[in-house]
Amino acid sequence: MRCDELIEKLEQLAPPGCACDWDNVGLLAGRSDKEVKKVFIALDATDEVVEQAVRWGADLLITHHPLIFKPLSKINDKDFISRRIMKLIRNDISYYAMHTNFDAAPGCMADAAAAKLGLTDLDVLEKEGVIPRETEEGLEESVYGIGKTGYLKEEMTVREIAAFVKERFCLPFVTVYGETAPGAAVRFVGISPGSGGSLMKPALKAGVKVFITGDMGHHNGIDAAANHMAVIDAGHYGLEYLFLDFIEDYLKKKAGKNLEIRKAEVEFPETFI
């Protein structure tokens, strides 16, 4: 299967038009006409990931976070981003990133994270627009955007929800803000994998009682607690590494017989000592 044919399938799942204006998604390096037999999937195009893809003989590298995020004025061996790009191109590995389009598209990142917690009555936390989606009844318009709100199957305290999130996502730790906030035994929660600080106001406006996200930071965390919304910071990586299994399963359904697929090992970037 050609690279552009595979990309077409990926963009049916997460259309580039769903990406935020500031983002950089799509085919970031390599040939669109490349014949793809081996696909390597990772969350980030780190040195280790690029080296693994090269050693395995991958034809296409797919990541969630884009390696090229800000404009590059030079491509040479003096810059670590440039070195990775050069290595990919030198080894004829095409490179595709699906970032906030995968975060926002219906049925993708936020829905998958909400499903892990068994949330019901889902709604988009921060609505961005509508796109046509194929359903059993035909073509319908679906709302897309960042994050989800929903209801837990049963009421829990903040501490119980934190333990539940940690268990469901197999996390080594979580950080909790506002554990002792009034009304901590709740069902209505919000979840936004990745960096959720900018979604604090939409979460408060939606009436979310516990907000599950990553990269919250001290000031956002204590501000949320002051507004009687607890925050469970499960880490940026902690909620997003589900991307690996999700894309693997999707590609197997769409082109499994034609592809060999390998994923980066799950490896949390933070170490607590």
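This is a predicted model: local features need pLDDT of at least 70, side-chain atom pairs count only at pLDDT 80 or more; totals for chains, interfaces and linings use all residues.
Residues are numbered from 1 along each chain as its sequence is written, and side-chain values use heavy atoms, with hydrogens and water left out.

I'm calling it a salt bridge when a side-chain nitrogen of Lys or Arg sits within 4 Å of a carboxyl oxygen of Asp or Glu. That gives us 13 of them.

Let's start with Arg84 and Asp47, whose side chains meet at 2.9 Å, N to O. Arg84 is in helix H3 (residues 80–90) and Asp47 in helix H2 (residues 47–56), so this pair ties together parts 37 residues apart in sequence. Helices here are DSSP runs of H or I, at least four residues, and strands are runs of E, at least two, numbered from the N terminus. Arg84 is buried at 13% relative accessible area, while Asp47 is partly exposed at 42%. For the cut-offs, buried is under 20%, exposed is over 50%, and partly exposed is in between, with a 1.4 Å probe and protein chains only.

Next up, Lys148 bridges to Asp111, with the closest N and O atoms 3.5 Å apart. Lys148 is in strand S6 (residues 138–156) and Asp111 in helix H5 (residues 109–116). Both of these residues, Lys148 and Asp111, are buried.

Then there's Asp245 with Lys263, at 2.5 Å between the closest N and O atoms. Asp245 is partly exposed at 40%, and Lys263 is partly exposed at 27%.

Last one: Arg31, Asp33, Lys34, Asp59 and Asp92 are linked in a salt-bridge network.
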